[in-house]
Structures are given as structure tokens and as C-alpha cells.
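Q: Could you walk me through this structure, chain by chain and then where the chains meet?

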Amino acid sequence: MPERQTIVIPTRRQFLVVAGGLAVTSTVLPLAASRPAAATPDTMAAAIRDFIGEATVRDGKVKLDLPPLVENGNSVSLNVTVDSPMTEADHVKSIAVFNEKNPQPNVLHFHLGPRSGKASVSTRIRLADSQRVVAIAQLSDGSFWSDSVDVIVTLVACLETL
Amino acid sequence: MARALVNVPAKAKRGAVIEIKALISHPMETGYRHDESGHVYPRDIINRFVCTYNGVVVFQADLFPAVAANPFLSFFTVATESGVLALSWTGDDGRTQVETANITVE
């Protein structure tokens, strides 16, 4: 068999076997190392900083809708609505959604304009853990507004084996 | 090509705000999943979605692995004139799929 470069990650079963105190012959990494570099509140803050630059974010105008209790993190319906007249002079330029504990802090970036008519977008996302999700909207005057929701996830997404 | 569902109203009043819904079948493989033996499935996602209305971009989205499989998007636009809405999805592999829908504005 040809040599293949693979990343060995213990499965949940292997970990449980080790945790149970049974001898396993294969080398098993601790669970903490088995997870890919996860986003943290700090990396989320960095991703938000990338999006807003030096500007400050104020609460309000944005309404982020997520179910507070999520049974299946693989598909979570999300809606972001921004209170804006969506005219040439005053409209939402973009909306970005961030999370704290998925492997990556970015979820989605939407680009809107006066032709959107209404600043409301819906989609379905993945959540790898119970965490805070943040939506930030950039208005045409350069100001940033945000809303956040804390969600509890009972079945997590992204990291499980097939 | 992947199956795509596009929902655009066939008729609208001039100036009305219409909702557009788009769904495409795609696994949105995150690059973080692995099988029992530890082999990691390489990342393969749709990373960009663009909607044009008679050639003018009215909505764009950058997608990340945190978007669920078979990505669904719903958004709004103003029915300005009769014509064609073109929705395009671009994947990590560089392939783009375009679906079009006609709209009659009265």
C-alpha cells in the first residue's frame, strides 16, 4: 500500500475506550487535540475586527433570529433583518454573521444595496456547540450595528465522524 | 450539475419588493470531518452566491463552511422591470452553476 499522509484523529469511540480505562494498542491523542483549531471568542473578535476595521459597533437596528434551543446543529434556520429604508441615501451595505465556537468564526457575509428593497436575509447554518452568534450590519453611512443570540445546541455539527 | 431550486414570482407590480429563494444540492463539506480511520474529508463548499437582475448585481453572499449542506438563501429585491434574474453559485473547485428565472413587471 502506498504511503498516504493522513491526520490521525481519535474517534469518539476510541476516546471513550481510553476514558474507560481499557488498554488500546493504537496511539490516541487526547480529545482536546482531536478537535480542529476551534474558533474562540477571541478569534471571533478578530474576525469582527477584520470586518469593521476601526469602527465601533452599536447595538440596535439589527434583529438576529435563531431558535434559542437547537436540536440539530447541522441545520439551524437563521434570519437577519435590519431596520433600514433601503434607499440610495440610507441602506444596508453588508451583513456579516459570526460565531464563537465553530472551527471558524465566519458564517456568512451578505452584500446588499438600495435595490434590495428590504434588508432581510434567511439561510440555514451549522453550529458546532452551544454558543453566541453575532450579526453585524454595515450601513451606507459607515456605521455598524449588531445583535447577538445565545443558542443551546443539543446535537452538534461539523466535527462528528460519518 | 447539481439540482437547484429557484423561487421567483412570475409577475410583480412595478416597485414591489419581492422575495427570492434559492436552494442548491451540495454537501458543503467543511474539511473538518473525518471517518473512523481518521482520514479527513477535504473541504469542498460553495463559497460565493450572486444574483443579478437584468445583468445588475442585486445581491451577493460569501459562504463559509458554517453554512448547512444544501445551502438555502432567501433575500429581497425590488421588481424594477421585466427581465431575467440569474442566480449563480461558485464552488471551491471553481465551477459555477447559473439558474435563471423570468419575471414580468406590470
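This is a predicted model: local features need pLDDT of at least 70, side-chain atom pairs count only at pLDDT 80 or more; totals for chains, interfaces and linings use all residues.

Q: What scores does the model get, and what is the average pLDDT of chain B?

A: The model has an ipTM of 0.91 and a pTM of 0.81. Chain B has an average pLDDT of 94, with 99% of its residues scoring at least 70, where pLDDT is the predictor's confidence in each residue, from 0 to 100.

Q: OK, chain A then: how many helices and strands?

A: Chain A has three helices and nine strands, where helices (H or I, at least four residues) and strands (E, at least two) are DSSP runs numbered from the N terminus. Along the sequence the pattern is α-α-α-β-β-β-β-β-β-β-β-β.

Q: And how much of chain A is buried?

A: Of the 162 residues in chain A, 38% are buried; a residue is called buried if 20 or more other C-beta atoms lie within 10 Å of its own, exposed if 12 or fewer, and partly exposed in between, with C-beta atoms placed from the backbone.

Q: Which strand there is mostly covered?

A: That is β8(A), residues 131–139, where seven of the nine residues are buried. β8(A) is joined by seven bridges to the antiparallel strand β5 of chain A, residues 92–99, with Val97(A) standing opposite Ala135(A). Eight bridges also join β8(A) to β9 of chain A, residues 144–153, again antiparallel, and here Val134(A) has Ser148(A) as its bridge partner. Two strands are said to pair if DSSP finds at least two bridges between them.

Q: What sits between β8(A) and β9(A)?

A: The two strands form a hairpin with four residues between them, and Gly142(A) takes a positive phi near 95°.

Q: Switching to chain B: what is the secondary structure there?

A: Chain B has zero helices and eight strands. Its C-alpha atoms fill a box of roughly 60 × 20 × 20 Å along the principal axes, and 31% of its 106 residues are buried. Among contacts in chain B between residues at least 6 apart in sequence, 57% join residues at least 24 apart; two residues are in contact if their C-beta atoms, placed from the backbone, lie within 7 Å.

Q: Now the interface: how many residues does each chain give to the contact?

A: Chain B gives 29 residues and chain A gives 36 residues. On the chain B side, the elements that give two or more residues are β5 (56–63) and β6 (72–78), and the largest share, seven residues, comes from β6(B).

Q: What is the make-up of that chain B side?

A: The residues divide into 18 nonpolar, seven polar and four charged, with Ala, Val, Leu, Ile, Met, Phe, Trp, Tyr, Cys and Pro counted as nonpolar, Asp, Glu, Lys and Arg as charged, and the others, Gly among them, as polar.

Q: What does β6(B) pair with in chain A?

A: β6(B) is joined by two bridges to the antiparallel strand β7 of chain A, residues 120–125, and Thr123(A) stands opposite Leu73(B). On the chain B side, β6(B) pairs in the antiparallel sense with β3(B), residues 17–24, over seven bridges, and Leu23(B) stands opposite Phe72(B).

Q: Which sheet does that make?

A: An open sheet of six strands, with antiparallel pairing, in the order β2(A)-β4(A)-β7(A)-β6(B)-β3(B)-β1(B). Its edge strands, each pairing on one side only, are β2 (62–65) of chain A and β1 (4–7) of chain B.

Q: And β5(B), what joins it to chain A?

A: Four bridges join β5(B) to the antiparallel strand β6 of chain A, residues 106–111, with Leu63(B) as the bridge partner of Leu108(A). Within chain B, β5(B) pairs with β4(B), residues 46–53, in the antiparallel sense over six bridges, and Tyr53(B) stands opposite Val56(B). β4(B) and β5(B) form a hairpin with two residues between them, and Asn54(B) in the turn has a positive phi of about 50°.

Technical notes. Residues are numbered from 1 along each chain as its sequence is written. Chains are lettered from A and ligands numbered from 1 in the order in which they are written.
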